[in-house]
Amino acid sequence: AERSSKKAEFALYSPEFESFVGVGISQGKSGGDGRTSMLCHFFIPCEQQKNPNPSEYFLLYPFRDEVEDGEELCKWEGEAEKYNFYDILEKYDLRGIKLAKLLQMTWPCMFEEKSTVHILIDRAIHEEKEDSTIAREITWLLSMLVPGKEDLELSCRKNLSYGVYTRENVSAVRLIFTSEENRNGENVFYLDKNSIMDKEKISQVFISMSSIAGDSLEKYKTFTSELFDMRVPVKFTCTQLPIIYIKWKLNKGEHVYIDEIKNEINGLLNAARSSVWHRELLENYLLNANDLEGADAAFFWKRFIIPRLNEEGIAENEIFVKASVNLLKIIYKASHESYVKVMSGTPEEKRICFIRYLYKEPDSIIKNHLEEISSGKELYEFLSLYGSLSKKEEVRGEILDISKRIYKEAQSEERTRITDILLGIEEFREDWEAWIRSRIEEEQTTDGYLSFVEQEAGKMELRYAVLYY
């Protein structure tokens with residue numbers, strides 16, 4: 001039944017007939033018992049439609065609103081409509097953000113995640129009699145914008161059904177075309193309004209879809225097909241699209257900015273606990289996430305890196321290690337104190353692995369850290385973090401040179417600290433002891449030695465007092 005005085009029109013897929021059908025419902029013009037009769041007029045294909053072109057069923061059906069008693073309706077032979085994708089985009093100004101919003105609202109209908117979208121038509125621009133044409137053109141356009149995967153095209157198109165001039169059968173179809181005054185739902189798209197103000201509410205994946213579709217429908221099919229090739233290995237939902245798009249960009253070698261991923265971070269991190277797919281996505285993102293602030297990097301270290309440090313074989317996961325190293329570099333540049341805290345809290349086995357990569361970097365933060373040492377305290381900090389590098393002759397030589405420079409200017413207490421540190425490390429013990437003895441014993445004359453001892457006043461280590469005197 002319908003309360004509308006106009007003939008309600010529908011195009012939808014019928015599971016019973018396994019075909020798309022046209023349906024018209026109108027108030028009959030005859031009926032002798034005083035009640036309003038309803039006339040339902042169906043257009044059903046003579047043969048089952050296996051995979052029809054949408055232009056073959058989004059048609060200008062010649063619906064009847066009156067039938068004589070005993071009249072048999074003749075078969076109707078209709079021709080496919082002549083739609084043009086780009087002309088429809090132009091006609092309804094469906095570009096950029098506006099098309100992106102339409103896609104974001106209707107894709108969930110294609111996948112049966114939302115029941116209905118109300119597409120509102122501005123009566124100042126379109127007369128009511130145009131609604132039927134608008135419905136056919138927009139629904140056909142959307143049927144061209146289903147995902148470019150053969151196994152999905154038909155199933156998504158089956159869910160693209162429309163209704164015009166209906167009030168009582170809104171739930172029968174996915175797309176309702178009506179005016180503001182007749183709207184009967186909150187999920188609305190304004191056909192004749194610019195949606196630029198909604199940009200922040202629209203996912204980047206749909207903005208990209210819109211841009212690509214406006215350029216080439218074939219490229220759109222390729223793009224959406226590629227998205228589905230790398231979808232999460234669980235039942236697909238449209239809510240996964242922003243994350244799938246990030247994965248797609250990373251696979252294409254495109255940079256993903258923190259602003260693109262920030263709304264997905266918590267969901268990604270939670271999923272990564274049990275999903276290899278999500279872990280790999282995060283690893284690849286962090287590998288080149290050089291626009292992160294120090295606080296962002298520390299957040300990822302705490303939420304993503306630390307929980308995985310005890311995984312068996314994690315040190316052999318090169319992408320994970322390199323992603324971790326990239327975070328460490330960002331944290332170092334942001335805050336030396338935070339960096340030391342992070343490195344100190346990392347298990348030694350994993351820290352050695354990270355150090356190996358950090359040291360080989362062209363602008364190595366370890367080498368920078370080494371050059372910044374100016375006290376015994378900083379020497380101790382460096383060796384506590386990077387003790388494994390003491391086995392490298394070049395590093396050992398640099399540490400000895402820096403230690404000697406600091407030692408010469410230091411007072412007794414600081415010298416004692418430096419010597420304690422170096423004598424406590426096997427790789428330095430012999431070289432340091434030899435250097436201390438040589439600098440005390442190198443003076444060959446009495447006058448020169450007395451002058452040396454005078455300069456050393458207040459600086460001598462007690463352990464070497466006998467050598468001095």
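**Ile 365.** I looked up Ile 365 and found it buried, at 3% relative accessibility (buried is under 20% relative accessible area, exposed over 50%, partly exposed in between, with a 1.4 Å probe and protein chains only). The model is predicted: local features need pLDDT of at least 70 and side-chain atom pairs pLDDT 80 or more, while totals for chains, interfaces and linings use all residues. Residues are numbered from 1 along each chain as its sequence is written, and side-chain values use heavy atoms, without hydrogens and water.

Ile 365 belongs to helix α15, residues 365-371 (helices, H or I with at least four residues, and strands, E with at least two, are DSSP runs numbered from the N terminus). Leaving out residues up to four places away in sequence, I found Ile 365 touching Leu 328, Lys 329, Tyr 332, Tyr 339 and Leu 358 (contact is heavy atoms within 4.5 Å). Lys 333 is 32 residues from Ile 365 in sequence, and their C-alpha atoms are 8.6 Å apart.

**Helix α11.** I next listed the buried residues of α11 (294-305): Gly 294, Ala 297, Phe 300, Trp 301, Phe 304 and Ile 305. They line one face of the helix, because down its axis they fall within an arc of 125° (the arc is taken over directions from the helix axis to the C-beta atoms). An α-helix has 3.6 residues a turn, so residues three or four places apart point the same way. Ala 295 and Lys 302 are exposed on the face turned away from the buried side. Among the elements covering the buried residues of α11 are α10 (276-287), α12 (318-334) and α14 (348-360).

**Rings.** I counted 29 aromatic pairs (ring centres of Phe, Tyr and Trp, the last by its six-membered ring, within 6.5 Å; planes under 30 degrees apart are stacked, over 60 edge-to-face, the rest tilted). One of these pairs is Tyr 13 with Phe 20, edge-to-face, at 5.1 Å centre to centre and 75° between the planes. Tyr 13 is buried at 17% relative accessibility, and Phe 20 is buried at 2%.

Lys 193 lies over the face of Tyr 190, 4.2 Å from the ring centre. The charged end of Lys 247 sits over the ring of Trp 277, 4.8 Å from its centre.

How values were computed:
Lys NZ or Arg CZ within 6 Å of the ring centre and 35° of its normal.
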